[in-house]
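Please take a moment to look over the sequence and the structure that follow. The paragraphs after them lead through one chain, then its interface with a neighbour, and then a region of the surface.

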Amino acid sequence: MTTIAFSIPRPTYPTGVWSWITTIDHKRIGILYGVTAFIMFVVGGIEALIMRVQLSSSELDIVSPEVFNQLFTMHGTTMIFLAIMPMGAAFFNFIIPLQIGARDVAFPRLNAFSYWTFLAGAIMLNFSWFLGGAPNAGWFGYAPLTGEAQNLGHGIDFWIISLQLLGIASLAAAFNFIVTILNMRAPGMTLMRMPLFTWMTLVTSFLLILAFPVITVALIELLFDRAFGTNFFVPAAGADPILWQHLFWVFGHPEVYILILPAMGIVSEILPTFSKKPLFGYPVIVLSGIIIGFMGWMVWSHHMFTVGLGPVPNAVFTLTTMAIAIPTGVKIFNWLATTWRGSIDLSTPMLFALGFIAMFTIGGISGIMHAQAASDAQQQDTYFIVAHIHYVLFGGSIFALIAGIYYWFPKFTGRMFNEKIGKIGFWLTFIGFNMTFFPMHFTGLDGMPRRIYTYADGMGWDMWSAVSTVGAFILAFSILVFLYNVVTSWIKGEPAEADPWDARTLEWSIPSPPPEYNFAEIPTVHDRDDWWSQKRRKVERPGAPVPVAGGSGYGGVEHAIHLPQPSYWPIVVSIGLLIAGYGLIYNVAVIAIGAGIGMIAVYAWSFEPVNEPEEGSAH
Amino acid sequence: MAQAPAVPHGDAADETTTGLSHRKLLMWAFLGSDCMFFGSLIATYLVYKGKSISGPLPEDVFSIPVTSVSTFVLLMSSMSMVMAYSALTRGNIKGFRIWIMSTAIMGMTFLAFQTFEFRDFVQEGLTPRTNLFGTTFFTLTGFHGAHVTLGVIWLLSLFFYSFKRGGVTAERSLDVDLAALYWHFVDIVWIVIFTVVYLFGVFEGFN
Amino acid sequence: MAQRAQAAQHAAAEVHTGHPTPKTYFIVAMILSAITAVEVAIFYATWLGYGIIPVLAVLSTVKFAMVAMFYMHLRYDNRLFSSLFVGGLALAFSVVFALIGLFRFFV
Ligand SMILES: [Cu+2]
């Protein structure tokens, strides 16, 4: 249809590096996301270990205070934006089209663009170590710590640009998944028949598209202050640096739910499968997920109780924050009720899912303690908060994400993992995690501040800090065990059946790993947990090939299925953005080069059809 | 690799769950999201309103009659945009070209007004660095201007593409519909900015 | 191809059923211009004092709504589109008002 001047032949690489670079297959993009996010998780973990070594005893001098500032900033930023969020995105990519009975996402090339832009952000952030020093103002980057006069060097600039790139990536992905979920469900899959993970992805995507513009604006303002000498956060010009805190947390609190809601979705899939019972109170769990997402907008100032907003705002935000415990508690009780009298199979995914419930509940309870403004005044900026956030983000998000990796491992790779090593890994993770973070409740209540690079002898923090450090190494070892299990099983694990867990949702009705076209015949959905009821009722869909477990042959159907074709342009746009990003920091002319590359690629992309027309077809 | 029919993937609205096209759904979600973008910029502007510790202030630089004219031009461009879409759906490609070109010209007129306004302000001593008003004003209206610029590029692309056979047709009016939605959105953001920044800005009782 | 023809038919049918005609668009444009003129006039009516704020707010809300409903076709289109847009809009307004409240009334 379109032969533009710069027409370049469509990429057709079945295998090899180029096939991954040009891929727009949601499953491959999911794997790219997952692997990259895991590498970033390890990098962030190493940063954490260095900090734990430095803090293992009083008055150590293993890293300098300056490096310590960079370490905690990079650890927080990496874990939130480069590990947990993209791991969630990995699941969205791989699982969502399979769960809703679709052959791909709504915008396959936009999806590839999301991944490559995320990678550009990861590169931008992590290479700052080698380009004059990493950012050092905390993952929240409070003004005026980040000001041009207060923070020399380019660390903060790298942080700003990389977060902007990650924001673009997340926004593009979120728009894509909103449209995919609303618009590409298999016939019969009404909203209230959607799997819980799909539901939570939808809610998360809405949070993303509404929260990220706020941080985008805040970062633009900060960038302008640093680059062009504007006055957004300059107190000398009458500005109020508290505005940064407000904008950051208007984004930041919904962001917390962006990190936890996918985890809740994963757990809501695993618990019913391994209890052999439907999810208890499905509509209530869906509704409380929506309410959590909605109320997440009314609580942001609980991060700012000690700023001095005054009694009225503090009281209001205390009440709204406490109210959020209600839908969260509703979810926890429903999960417990799901397992009640089920025939529980304590496989590795289930162990991690149950671990999630316990650890997340502990984190939730310590959260309620500082939801109280008065009590928060004692806990703000102490290790008590560090304990809380790690109980919700590691004990919560990461436990659930590992549970999800084990649960869907057969579907991702077509192979089974080693159950024994998985279980050993779980107990190591569980013990290491609690040993690391539980003592922080004690040191925190004893007044140990966060973000200090060392502390005086005789403060009484030595013993529990040492315990935390030992725990951190056990935790790190457990991640190595997990990695060993994943890698060896991926290479030489036993071949997996289509439905090894006797599971409930549509992704288990197709072979493991799924063929490129996912579903030979788009299924028609009659029930919530449709695959489960199909198996029980032995339903045969008229005219559809019966999806035999592990079956590989739907001979001949491939010719009838029209898959979107690979494309060069998404990665080219991302490269343009990365170059323009470096240009913003170093050289204005480079911005023009990056923008030019991006612009050309956007045009090429716009005029490139999703599918090349067949020879001679009328158009 | 599977061979494909000529139907563009995103356009087959009949095959979607909601019966709505993917791209239009995406556009509306984007506009909802963009509200938060401009909301944050406007919030910053309003929080800092009257907090500048030195001049020039809005009442020193704004010229309401001039901005009223550019506001009127942008409003009229919205009408001509909808006329272009309407002409296209009726298969009137000539009408489409005339209307979309006049929309783009009015967009560029608005941008010219803005450029001259910015230049005037700078000559009167107001830059983004001068004070909080300068900082927030130039950022907010500058990002609106960037949106308009992008819209003009989009409209011109459609105009030139319409000369290619089968490039812009009634059956593919969705391509124009999306550009139109974006354009109208940029217009309504300006409606808010004109009232909140300009009219409220010069009003003495409000700061 | 059949789909194409169908879409064209559909688009043509829209003009007759419910969708506004160029005449409607023109009338809307005239109303929008008139409101803008009134806004600027009110701006010079200094005797209104603080009353200028609610009056201008209402008038520009009307303009905003008219463009969204007629030019962006929300009045004739699927409710889902309105929900997506109004959801973001309402949240944006809430955040703006909350921040103004926090900075101006509780300090
Ligand atoms: Cu919070």
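**Chain B, its interface and a surface patch**

In this predicted model, 66% of the 207 residues of chain B count as buried. The chain contains six helices and zero strands, and its elements, followed from the N terminus on, run α-α-α-α-α-α. Along its principal axes, the C-alpha trace of chain B spans about 65 × 35 × 30 Å. When the contacts in chain B with a separation of 6 or more are considered, 80% of them are accounted for by residues 24 or more positions apart.

From chain B we can turn to the place where chain B meets chain A. Here 45 residues of chain B are in contact with 55 residues of chain A. The size of an interface is often given as the accessible area lost when the parts come together. For chain B and chain A, the area buried between them is about 4100 Å², with 67% of it on carbon and sulfur atoms. The count of salt bridges between chain B and chain A is zero, whereas 16 residue pairs, both residues at pLDDT 80 or more, are in polar contact between the two chains. On the side of chain B that touches chain A, helix H1 (22-47) and helix H5 (132-161) of chain B each supply at least two residues, and H1(B) gives the most to that side, with 14 residues.

The remaining stop is on chain A, where a nonpolar patch lies on the surface. Which residues form this nonpolar patch? The patch is made up of Val35(A), Ile39(A), Phe477(A), Leu480(A), Leu483(A), Val487(A), Trp490(A) and Ile491(A), and together these residues have about 730 Å² of accessible area. The elements that give two or more residues to the nonpolar patch are helix H2 (26-55) and helix H14 (462-492) of chain A, and the largest share, six residues, comes from H14(A).

Trp490(A) is found in helix H14 of chain A. Is Trp490(A) buried or partly exposed? Because its relative accessible area is 37%, Trp490(A) counts as partly exposed, and a residue must have over 30% relative accessible area to belong to a patch of this kind.

How values were computed:
Residues numbered from 1 in each chain as written. Chains lettered and ligands numbered in written order. Predicted model: local features only at pLDDT ≥ 70, side-chain atom pairs only at ≥ 80, totals over all residues. Heavy atoms only, no water. Patch = residues over 30% accessible without salt bridge, like charges linked within 9 Å, V, L, I, M, F, W, Y side chains within 5 Å. Areas by Shrake-Rupley, 256 points an atom, 1.4 Å probe, with all protein chains shown as cover. Salt bridge = Lys/Arg side-chain N within 4 Å of Asp/Glu carboxyl O. Helix = DSSP H or I, 4+ residues; strand = E, 2+ residues; numbered from the N terminus. Buried < 20%, exposed > 50% of the residue type's maximum accessible area, 1.4 Å probe, protein only. Contact = heavy atoms within 4.5 Å. Buried area = accessible area lost by both parts, 1.4 Å probe. Polar contact = N/O pair within 3.5 Å; in protein donor to acceptor, adjacent residues only side chain to side chain.
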